[in-house]
Amino acid sequence: MIYAVHVTGPPPPEPNGAVDPQWLQRFRDGDSAALKETFDRFSGMVLRLAVLGLRDYHDAEDLVQLVFVRAWKGRHTFDPERGSMGGWLLGITRRQIADRYAALDRDRKIIRAATSLASAPNPPSEDDLVIDRLDVKNEINRLPRPQRMVLRLAFYDGLTHSEIAETTGLPLGTVKSHIRRGLAALKQNREVDGAAS
Amino acid sequence: MQHLDDDELILLALDEIPANQRAATHVDQCAQCGESLQSWRLTVGTARDADAELGPEPAPPHVWDAIAAELALLTQEVLTPLDHQAAHAASRNPPMNARGQQPVSLDSRRSRWVMPAMAAAIGAVISGLVVYFAVRDDVGPDTRDTKPQLEAVATLKPLLGGNESLGEAELVKSGNGVSWLQVQVKDLPVIEGSYEVWLLGVDGKMVSLGVLAAGEGNFALPQGIDTAAYSVVDISDEPADGNPAHSKNSVARGELA
C-alpha cells in the first residue's frame, strides 16, 4: 500500500492530503488489513499526541488502543469526502485525551501542568553538537523528547501548532516553544557541523 | 525598521500563516531577515528529511496485539461457517473439550449432549491409554531420541475468500513422547471472539488445543491422541460465552501431512 514506501524516503503525505481511496474504502468495508495499515501509518501520531497530552507512556499506549478500537467500531461514520483519515483520527484522539483530563482530579492536573512547565528542554551539550551529518535521523532523535515529538507531529504528521495544542491540551505557547527550541538546536548543530567541516 | 524575531521567522519557514502580514512583507524587503529565514528553512528541510527517513514510527507491536484482541471480542461480522460436511458431523458428534478440564455445561440447551460427550470422553481415555502404551513401547532404549521430531506440517488457509497461506501448524514430537502443535499464522481476519485451535478428526470429532493469541502458540496435544485420525488443524472464532463447544465459525484450516 502507499504507506509502505514512506519509510524508505519519499516525504509522507500530510494527514490532510490525498490518500488512496481504495484503502479508505477497505477500511470502511471492515477489512482488518486496512485497519492494520491505518495503525502502521497513524498510530505513531496518536502515540506522540498521547504522550505529550498524558505525560505517561503507558497511559499513552492505552489511549492508542482506545483510539483505534473506537475508530474501527465507528468506521462507518468516517466519510472520506469530508476529511482525511489523519484528521478523523486526530479528532478521536483529541476527545479521548480531553476525556482523560476530565477524569483526572484537579490537583493531579495542576501537578502535571507544573511538571510540564518545569521540564524545560536542556540546551545541547558539547557532545550533542558532534553529529554525523549523514545520519539525519540522529538529529531528531537527539532532541529532548517533547521537542522531538512536537517536531515529528509538525513535520511528519503535518499538524499545525494549533492542532497539536488543541489535541494534547498543551498551551499553544508551549508547543511553539518546543518547536522553536527544537529547530534552534537542529540549526545550531548544522551550523557547528558546517563550520567544523 | 523592526526585524523579525525567531518565532516569526520559524513560522514563515514552516509555511504556517503568520499572525499578521507584517512578517511576510518585512522579510521580502529586509535582506537580513531574508537571510535568517533561508537559514531556518534549511533547518526545517533537514528536520523534514530526518522525519521522512524515520517513517511513521508506529506504536509498539503489543499495542496492535491488544487492539486486535479487543476487537476480536467486539466485531459484529459473522464469519465463515464450518464446511458443510464438518458441520453436519459436528451436529452428530458434539465436540468435547479435549483435556476434560472444563466442566460440561448442564444447561438445558446442552444437556442432551452430556451423555454422548461423556461417552466420547471415556472413549478418548481408553484410546489414549492404548496409544500411550504403544508410545511407551516406541520409546524403548533402541529408539530413544531426545531431539524433537517434526512429524507433519499443515498449511493453514482461509475457509472462504482466498487461497493464500495464512501460516503453518507443525506437529512436533519431543523426546519425552509429548506431541506439540506449533502454530504460526498472520493476517487472520478480525473476529468477534478468540482464536481457538482445534484438531478435527476423520469421524467428525474435534479436540480443542487452546486459545491462540498474537498469531502464534505451542499447544501440547492431549496425551495419546491419534494424530493420524485427527489430522485437520482448525482455527475457530470462539465467543467468550462459556460454551466449550466449537462455534462452527472457522477462520482457517489445514491438513497435517
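## Labels and their cut-offs

Mentor: In chain B, 60% of the contacts with a separation of 6 or more are between residues 24 or more positions apart. A contact means heavy atoms within 4.5 Å. For chain A the corresponding share is 67%. This is a predicted model, in which local features need pLDDT of at least 70 and side-chain atom pairs count only at pLDDT 80 or more, while totals for chains, interfaces and linings use all residues. Residues are numbered from 1 along each chain as its sequence is written, chains are lettered from A and ligands numbered from 1 in the order written, and side-chain values use heavy atoms, without hydrogens and water.

Trainee: What elements does each chain have?

Mentor: Helices (H or I, at least four residues) and strands (E, at least two) are DSSP runs numbered from the N terminus. By that rule chain A has 10 helices and zero strands. Chain B has six helices and eight strands, and its order from the N terminus is α-α-α-α-α-α-β-β-β-β-β-β-β-β.

Trainee: Why is the pair of A:Phe27 and A:Trp72 called edge-to-face?

Mentor: Rings of Phe, Tyr and Trp (its six-membered ring) pair if their centres lie within 6.5 Å; planes under 30 degrees apart count as stacked, over 60 as edge-to-face and the rest as tilted. A:Phe27 and A:Trp72 are 5.5 Å apart, centre to centre, with 75 degrees between the planes, so the pair passes the distance limit and falls in the edge-to-face range. A:Phe27 lies in helix 1 (residues 21-28) of chain A and A:Trp72 in helix 3 (residues 57-73) of chain A, so the pair ties together parts that are 45 residues apart in sequence.

Trainee: Are A:Phe27 and A:Trp72 buried or exposed, and how do you know?

Mentor: Buried means under 20% relative accessible area, exposed over 50%, and partly exposed in between (1.4 Å probe, protein chains only). A:Phe27 has 0% and A:Trp72 has 2%, so both count as buried.

Trainee: What makes the pair of A:Phe39 and B:Trp64 tilted?

Mentor: Their centres are 5.2 Å apart and their planes stand at 50 degrees, so the pair is neither stacked nor edge-to-face and counts as tilted. The pair crosses between chains, from helix 2 (residues 32-54) of chain A to helix 4 (residues 61-72) of chain B. Both A:Phe39 and B:Trp64 are buried.

Trainee: How do you know that the charged end of A:Arg75 sits over the ring of A:Trp72?

Mentor: The rule asks for NZ of Lys or CZ of Arg within 6 Å of the ring centre and within 35 degrees of the ring normal. The charged end of A:Arg75 is 4.1 Å from the centre of the A:Trp72 ring. A:Lys187 likewise sits over the ring of B:Trp40, at 4.7 Å from the centre.

Trainee: Why do B:Asp51 and A:Arg152 count as a salt bridge?

Mentor: A salt bridge is a side-chain nitrogen of Lys or Arg within 4 Å of a carboxyl oxygen of Asp or Glu. B:Asp51 and A:Arg152 meet at 2.5 Å, N to O, so the distance is under the limit. The interface of chain A and chain B has four salt bridges by this rule. There, 47 residues of chain A contact 39 residues of chain B.

Trainee: What area is buried between chain A and chain B?

Mentor: About 3,700 Å², with 66% from carbon and sulfur atoms. Buried area is the accessible area (1.4 Å probe) that two parts lose on being put together, summed over both.

Trainee: What makes helix 9 (residues 161-168) of chain A mostly covered?

Mentor: Six of its eight residues are buried, including A:His161 and A:Ile164. Just after helix 9 of chain A, A:Gly169 has a positive phi of about 85 degrees.

Trainee: Where is pLDDT under 50 in chain B?

Mentor: pLDDT is the predictor's confidence in each residue, from 0 to 100. In chain B it is under 50 over residues 73-112 and below 50 over residues 137-144. Where pLDDT is low, the predicted coordinates should not be read in detail. Chain B has a mean pLDDT of 73, and chain A averages 76. Among the elements of chain A, helix 3 has the highest mean pLDDT (93) and helix 6 (residues 126-129) the lowest (38).
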